[in-house]
Amino acid sequence: MSHRRNLLTASIVAGLCCFTGIAAAQDAAPPPAKPQTAQEKADAAKAAQLEGITVTGIRASLEKSLDTKRNADAVVEAVTAEDIGKFPNTNVAEAMTQIPGVVIDRAFGQGDRVSIDGTDPSLNLTFLNGQPISQTPWQYGAQPNRGFDFTMLAPEIVGRLEVYKSPEARLPEGSLGGTILLHTLEPLDLPANTIRGSFGLNYNDQATPGTRPNASALYSWKNASNTFGVIGSIQHYEEKIDRQGFEIFSYSPVSKWASSPAVAAGIANGTLDPNAKVPDEVNSAWFQQKRKRDTATLGFQIRPTDNWDIDINNLFVRENFDNWNQSLYPFTGATPGNVTSFNQGPNGVVTGGHVCGNDTVGCPAIAQGTFDSNIRKSVVRTSAFDLKSTYRGDGWKLGGAAGYSKATNDNISQAVMEPVYAGGYTWDINKGFAFDNPAAARDPANWHMGDVDGLGGWPGNYGDYSAQSRDTYAQLDFSKYFDSFFNELAFGYRWNRHEEGMQAHVYGGNAPTNLAALGFGGFTDTLDAFDGALDGSSSHVMPDRDAQYAWVRNTNGGNEDPGTYLNGTYKLVEKTNAAYVQGNFAGGDFHGNVGFRYVDTKTDGTGFVYSGAPVLPAPAGSWQTSSKTTKNWLPSLNVAYDVSEDVVLRLAAAKVIARPPYNMQVNNLFLNDSVLTGSGGNPDLKPYKSKNFSLSAEWYFAPQSYVALTGFYKKIENYTFVDSAPEQQFNSGIFNDQTTFARQVAQGLCTPDGFCTYSISRPRDTGSGKVRGGSLSYQQAFWDTGFGVTANYTYAKGTLDSGGSLPYNSKNSYSVSPYYEMGPFSARLTYNWRGKYLAGGYIAGAPPATTADYADLGATLGWKLNKQVSFTLAGMNLTNEKYKQYLGITAMPVAKYTTGRRYMASVHFDL
């Protein structure tokens, strides 16, 4: 097939599509120009002849993606449905990793949040068919985020996606790095009575034995006159998530343990540096989850006349995120006088030591071998409805759209308990811990929860959070066409209302018990991927999961904690009014657009504001609203110059804004009373502002092939940075965990009236910053051999003007994906690597941590039995890469995990 012919087809079809403002723009890639000359009109007629010439498979999808990129006015990257299916992935984010400048975070193995050109995931917005999709957090203690969680979207429902790295006036504001536009399949684009489906099994080699199923089905119908169509789909997906590793919640100087004779002697004789950092604990962490996702879509296309289109889309998603998080951490920081030795290591870090317990004669106190067992329930329900209509007149077009989306999680609950083992242990910063008396530590009767005086433990409590999110929008767009260099003038208006709310409740206390009386669940068998892991970390007692949940629920006293409710309950309403004007131009070898967008944003954040100890009912007048309004003018320019048929130069400049995450703008607070950490909001935050510039050159040198070089610069103002600082807050442990609270008072961390010094992470405006860099991308199909490759490299250096790195900014990242497709067989390898980047601390209140370099290797094999049936086998994380985080230097680790290799086997049919 002629490369020129394919490009011509795409150009002609794009040119024939008139501009419809935002509504249509987010349903299709924007056309560069309306046909103007006689030759262009002749080419338009010829497009019908070329329409039937098609190819299928990997190469066809790559060609479609290149056509979108080649013919766009802005800097755009695209991925088509076939491409999404040929990558090893379980969600759309994982299929986007081949786009230059796009990297994802894999804290739980799956790809979820997307960073674009070195920017924070929360600063890049995503729209489905032009509509914002509401989201709520699934994880207990987590807060809502503007960054889209791609785990909610089944790959089967997406027909194509585009990433706009340079904005246009018609596109919704709110993205610093790029705007992601997702499009579902449409019935009038498919043959009548299309039936597609799949069935498969997922397997994780680190999780408990067994596979989990996934299945999908799609049906599309349209009438013979192509004026009415309906499409519906259902998907079910399950996967086991299993994350194992080590965590360190905090570090303290050696001097904190000066009450220990051994430590005092080491400081005195110079073998211990009093300022060296010591882990307060080394935690053996095990997170287990069976994720389930059910998705249904229903869409209609109606064409009452040749020049009138109506599109209706509906989305329904139900996700189950129930999980069990186990953390066993001998708490060295809780018993300073028990330390009998510290091992001073390099880089000013103590790397190991020994702590005595009640199994050592003369030890001043019991040891605190704390087992934090959290059984959590979480079900997220999301629904969306969207209506669009476009009417084309003689030289003009009128479009309108309206939609509503809602997400709820009415039961983000946690049944927690903390048994304590009082015996001594040896610990190592990289290998975990080993108990002095392993036999005693493996006896569940020795793990106490307040049932024996002096042996510690906490029978726990029950937490129940609920979260809601709603998005409502409406817009109106008008376009007028001209026979001149400026061939189109478009203007429009968009209104959006977002509501976010959370209610927090914690109830106590529970009846005392021990693990033997509660119900023994056996021993863990974890950490195989960590060479030399000590036995206490890898194989220790655990409760029976069902017995723990029943005990917490059935013995709970129902006494609500006032602090949790007052600090964790809030509401936010954000209303935006935006208007834009955009002129599209085309003439000679130039095409592009210029325009501006005006945005008025009003935010009302409501929460409890009080002083002193929290009480219920809430003090009169404490439910208070803080309001702010911002107004912004956002100009944009995109110019493309066709140097030749195969070479394009692009220039883009724009002013953009991004708003802080919703929870950060409210006076809310989440506290961990055991380790005295927390996180909260800041109602005084300002929106991010950035002046973005990009310059690119693209050479389309062969069919399905190109090489491109892009440079970008973003000058950012009002950058928000989350950091931790000490704050005095009320500790509810004075009522529901009096043993721990008494110890904190004795250590001088709290006062007897209930107030303690917490490390609280809050967002703060830290001035200005910049991201500068570039990307090199390459794609080629090697003639008729069936072989090809896609590859890209991105350099993005993000810095604060006051010093330090920008969060989630990897200076270097690259991906390589060779493929083979010939006859019925296809194969594809994907290798993605991103450099280290700064991220939030593992727990609320922890200082920002650096996530180490991360690589992911995946592979997909495909066999097409016939036109109707095909098979695929895919593998992800084939090297079982370790996800690591550290504080400043690698010698101070805070987390390292493995999540296992993941495999998927599927059969597909297309009738």
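1. Strands here are DSSP runs of E with at least two residues, and they are numbered from the N terminus. Strand β32 covers residues 623–642, and Trp 633 lies in that strand. Keep in mind that this is a predicted model, where local features need pLDDT of at least 70, side-chain atom pairs count only at pLDDT 80 or more, and totals for chains, interfaces and linings use all residues. Residues are numbered from 1 along each chain as its sequence is written, and side-chain values use heavy atoms, with hydrogens and water left out.

2. So, is Trp 633 buried or exposed? Trp 633 counts as exposed because its relative accessibility is 53% (exposed means over 50%, buried under 20%, partly exposed in between, with a 1.4 Å probe and protein chains only).

3. Now have a look at the open sheet. Its four strands come in the order β15-β16-β21-β22, with antiparallel pairing (two strands pair if DSSP finds at least two bridges between them). β15 (339–344) and β22 (432–435) are at the edges with a single partner strand each, so one side of each has no neighbour in the sheet. Strand β21 (residues 425–428) is joined to β22 by four bridges, and Asp 428 has Gly 432 in β22 as its bridge partner.

4. Next, the cysteines. There are two disulfides in the structure (pairs of cysteine sulfur atoms within 2.5 Å). One links Cys 356 and Cys 363, with the sulfur atoms 2.0 Å apart; both of these cysteines are buried. Cys 750 is joined to Cys 756, S to S 1.9 Å, and both are buried as well.
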